[in-house]
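Please open the structure in your viewer and keep the selection tool at hand.

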Amino acid sequence: MKKLCLNFLASIVIISMNAQDIQLLPPDKTGGKPFMETLWARKSYRDFSSEKLPLQQLSNLLWAANGVNRQDGRRTAPSARNMQEIDIYVFTSDAIYLYEAPSHVLKLVKAGDARKMSARNDFAHTAPLVLVYVANRDKMPGMDETAATLYGATDCGNVTQNVHLFCASEGLHTVSLGNIDREQIKKLLGFHGEALLAQPVGKGKQQNENPLLGHRWKLIELNGKAFPEQENKKEIFIFLNEDGTMNGNLGCNNVSGTYVLKEGNRIAFPGLVQTKMACLNKDVMNTETELSKVLNLTDSYLIENNVLVLHRARMSPLAKFVKVE
Ligand SMILES: Cc1cc2nc3c(=O)[nH]c(=O)nc-3n(C[C@H](O)[C@H](O)[C@H](O)COP(=O)(O)O)c2cc1C
């Protein structure tokens with residue numbers, strides 16, 4: 001586990017050495033849905049496409065969240081005693097940034113994709129950005145613990161609602177998430193204060209996106225043999241994430257790795273790895289070995305009526321899976 005974490009941290013450093021500060025564009029003063037329509041549209045969503053937001057929309061979003069809207073430096077979100085203590089960290093696939101409202105700049109904090117550390121819910125990790133709100137104690141001088149906690153949480157709520165309304169107006173998806181690892185985030189970013197909430201933002205998963213991705217596919221046939229529902233047996237499935245990774249269960253052991261999609265429904269699963277539990281049941285073990293071979297052989301797929309069929313060289317089906325979620 002420790003090794004995994006170290007590898008993950010190392011990859012954050014290596015992946016993106018090119019990230020730098022981003023000067024945001026001046027926010028639009030017009031546009032958006034009428035206010036009452038926006039309120040009618042506001043709701044939480046938990047599905048995100050990984051498509052990045054255009055710079056103008058990103059600029060508008062951060063300004064709407066907690067940007068400067070007056071000459072005296074006050075913000076779009078109210079804050080107790082005008083402390084303006086809510087810092088917004090923006091986790092993207094390239095880096096983590098801190099939003100500096102007065103200069104309307106995203107200051108680079110750390111290069112690399114750390115979205116997995118921003119929130120515990122998996123659905124947040126594919127969003128092009130996750131906003132993480134921190135009550136910055138340096139901006140709350142002399143405040144007792146109770147007041148600091150109360151005001152920090154309230155002011156954070158004001159910012160999240162601005163983001164909710166902006167998203168509702170723009171047709172973007174978002175949800176407030178309290179399910180975050182506050183200690184881990186604090187260790188990662190090293191601020192003086194508390195991480196309060198995370199809020200992924202992005203387009204929703206489009207209906208026309210590849211139907212193969214983002215679903216759980218349960219095995220129903222392997223090398224021509226039907227694979228009947230069996231009680232007390234682990235479900236054998238594969239799940240392909242939008243980011244090119246896959247995971248699943250082969251009956252006893254877990255499988256994970258990457259997949260490569262090419263035009264014409266071609267697919268490959270290079271470099272899959274399996275856990276190495278000994279499985280006592282021989283049938284389970286045989287299925288596992290067979291399915292593992294099938295995944296290695298597969299070079300194309302078809303989806304019809306919620307059934308995914310894996311093929312090699314368009315010959316008879318190697319395996320069939322049904323969509324379960
Ligand atoms: C402070 C706060 C924390 C929340 N934490 C989570 C969370 O960890 N996971 C989640 O899926 N939704 C979370 N939500 C979203 C709520 O579940 C959601 O707002 C509620 O069900 C009402 O639905 P609506 O936003 O569509 O009106 C949170 C909302 C708030 C305000």
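Select Tyr99 and then Leu106 in strand 4: the two are bridge partners. This is a predicted model, in which local features need pLDDT of at least 70 and side-chain atom pairs count only at pLDDT 80 or more, while totals for chains, interfaces and linings use all residues. Residues are numbered from 1 along each chain as its sequence is written.

Now extend the selection to strand 3 (residues 95-100) and strand 4, which run antiparallel and are joined by six bridges. Strands here are DSSP runs of E with at least two residues, and helices are runs of H or I with at least four, both numbered from the N terminus.

Next, display the open sheet of seven strands, whose order is 1-4-3-2-5-7-6 with antiparallel pairing; two strands pair if DSSP finds at least two bridges between them. At its edges are strand 1 (22-23) and strand 6 (173-174), each of which pairs on one side only.

Helix 3 (residues 55-66) lies across strand 2 (86-92), strand 3, strand 5 and strand 7 (193-202), and runs at about 155 degrees to strand 2. Helix 5 (residues 182-189) lies across strand 2, strand 4, strand 5 and strand 7, at about 95 degrees to strand 7. Axes are lines fitted to C-alpha atoms, for helices over the stretch in contact, and angles run from 0 to 180 degrees between N-to-C directions. Two residues are in contact if their C-beta atoms, placed from the backbone, lie within 7 Å.

Move to Ala119, in the loop between strand 4 (105-111) and strand 5 (129-136). Is Ala119 buried or exposed? Ala119 counts as buried because it has 25 C-beta neighbours inside 10 Å; the cut-offs are 20 or more other C-beta atoms within 10 Å for buried, 12 or fewer for exposed, and partly exposed in between, with C-beta atoms placed from the backbone. Leaving aside residues up to four places away in sequence, Ala119 touches Ala124, Val130, Leu177, Asn179, Ile180, Ala198 and Pro200.

Then select the ligand, with surrounding residues that include Lys43, Arg46, Asn121 and Leu177; a residue is near a molecule if its C-beta atom, placed from the backbone, lies within 6 Å of it.

Finally, colour the chain by pLDDT, the predictor's confidence in each residue, from 0 to 100. The mean is 91, and 92% of the residues reach 70 or more. Over residues 3-17, however, the pLDDT is below 50. Where pLDDT is low, the predicted coordinates should not be read in detail.
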